[in-house]
Amino acid sequence: MFKKLLVILAACVLAAGLLVGCGGGNQGAAASGNSGAIFRTLDEIKESGKLVIGVFSDKYPFGYVDENDNYAGYDIELAERLAQDLGVEIEYVSTEAANRVEYLETGKVDLILANFTVTPERAEAVDFASPYMNVALGVVSHDDNVITDLSQIGDGEVIVITGTTAETYLTENNPEIKLQKYDTYASAKTAFENKNGVAWANDNTEVIAFANEGSGYTVGIEELGSLDTIAPAVSKGNTTLLEWVNEDMHKLGQEKFFHAAYEKTLLGVYGADYEDTLVVEP
Amino acid sequence: MDLLGLLGLDVLFKGTNALRLLGGLWVAVRISLISVAFSIVGGLLFGIFMTWKNPVAKIISRLYLEVVRIMPQLVLLFIVFFGGTRALGLNIDAELSAIIVFSFWGIGEMGDLVRGALESIPKHQYEAAEALGLNRAQMYRHVVIPLAVRRLIPMSINLVTRMIKTTSLIMMIGVVEVMKVGQQIIEANRMTSPNAVFGIYGIILLLYFLACWPISKLGERLERKWAA
């Protein structure tokens, strides 16, 4: 038993060393650290008969789990179709925003389809396939005082949720605008409904969904800041899988698969008006 | 809106949601109970090890304990689950990673509790055991450990319940336990049942209570039984 203990102790020392080793540069380590053995190639996936996909399990309506314990949503539509075209089963892994890159860097999933926004930093650590959705910031305001341009805000305050891209963007690019910050979606929503602020800035998908839910609100600014895209991602260097995904998505684009997926999963939330704003056919 | 909807409990009756929450609770409880079993056995041995006067033993136990104390459990989870793959090429399953981390933590903390309990046992108990002609192993088996275990109960119950509550972190390595199921239910219904956030977290509170309360009760009973 003491031997076992010593093993555990040794493991602990090792773990401590590991932390120091990994702590430095996440991106640098990923770019150089992949020796090629980390991920599974297209042939290996086919042979195993199973595609492991990291998705969100709590981001309605993109990736969520319905009341019968089945995954559903816009991202899931693509996941199901890719697996079908590849002729394999799917194993879903529930990921969080913070660990998506890590899952690919360790090859614990083959593919991430978790509403993954393409950014230059992430592109250094993972390989993105063709985008299938647009995302930008949006600003919603009350019908009696629709804000269509940031200059109309004047002395009013804009509501943002702490830690979101909206907060970062406005702080950096429009420091003159007074912000009212809330920690959660629910408190920001209540504050806006009670007219504590003249407008509410958030991801455009969020504000569009909010404006469509109730009446009296208009999304005056649909796209603010840089227009980003959402794309599937594979482990850095997994070209066989990446090429196949791109090829298949291109075919899906020609049959307007993503419009159909929008109509099936997002239409109820965002309405038909935003279909062409949000959907990208690769 | 009816009362259930107002309390955000209506979502519990949709599909298999209630069963899913119970299933999630079972995942959390299963992982903590297995880890607790390892922690009790390992902690007992580690605690004895910590009382050794050998300087090497002291350094090792000190180092281990400090790592357990300083490292947040989330960091340990990431090190085992992701770091194990990165550095050693081991592909440890998420649930097993959780058990390893929780046992690692439990053995360290339990060991320190055991050490404290052992050291609090009056010297005359050891002397009396020696006077009876017991060897070292017999002394621990028949005198020291039975006495120490009684002093351990309150603190170790505390550790066990803390462990059960800390399982909410394991969603970060992809294990779908009760907290995650709750978030899934809340988010899947955020348009139709905005109050689900209160109802579901309320239910989760109740579930954690149901998991921890019997353990506290058991601890109280053992304490009373042995106090006599």
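Here is a walk through the structure above, from its overall layout down to a few single residues.

Before we start, know that this is a predicted model: local features need pLDDT of at least 70, side-chain atom pairs count only at pLDDT 80 or more, and totals for chains, interfaces and linings use all residues. Residues are numbered from 1 along each chain as its sequence is written, while chains are lettered from A and ligands numbered from 1 in the order in which they are written.

How confident is the predictor about chain A? The score to look at is pLDDT, the predictor's confidence in each residue, from 0 to 100. Chain A has a mean pLDDT of 86, and 87% of its residues reach 70 or more. Watch out for residues 16-36 of chain A, though, where pLDDT stays under 50. Where pLDDT is low, the predicted coordinates should not be read in detail.

Now for the layout. Chain A has 13 helices and 13 strands; helices (H or I, at least four residues) and strands (E, at least two) are DSSP runs, numbered from the N terminus. Of its 282 residues, 44% count as buried. A residue is buried if 20 or more other C-beta atoms lie within 10 Å of its own, exposed if 12 or fewer, and partly exposed in between, with C-beta atoms placed from the backbone.

Six residues of domain 1 of chain A are in contact with five residues of domain 2 of chain A, where contact means that the C-beta atoms of two residues, placed from the backbone, lie within 7 Å. On the domain 1 side, α12 (267-270) and α13 (275-278) of chain A each supply at least two residues.

What about the two chains together? Here, 32 residues of chain A are in contact with 32 residues of chain B. On the chain A side, α1(A) gives the most, with ten residues. That side divides into 17 nonpolar, six polar and nine charged residues. For this sorting, Ala, Val, Leu, Ile, Met, Phe, Trp, Tyr, Cys and Pro count as nonpolar, Asp, Glu, Lys and Arg as charged, and the others, Gly among them, as polar.

Over in chain B, find helix α7 (residues 136-166) and helix α9 (residues 196-227), which pack at an angle of about 175 degrees with their axes 9 Å apart. That makes α7(B) roughly antiparallel to α9(B). Axes are lines fitted to C-alpha atoms, for helices over the stretch in contact, and angles run from 0 to 180 degrees between N-to-C directions; under 35 degrees counts as roughly parallel, over 145 as roughly antiparallel, 65 to 115 as roughly perpendicular and the rest as oblique. The residues making this contact include B:Ile157 of α7(B) and B:Ile215 of α9(B).

Most residues other than glycine have a negative phi, and most peptide bonds are trans. A cis peptide bond, however, joins A:Tyr60 and A:Pro61, and A:Pro61 sits in the loop between β2 and β3 of chain A. Phi is positive, near 50 degrees, at A:Asn115. A:Asn115 is buried, with 20 other C-beta atoms within 10 Å. For A:Lys195, phi is near 60 degrees, but A:Lys195 is exposed, with 11 other C-beta atoms within 10 Å.
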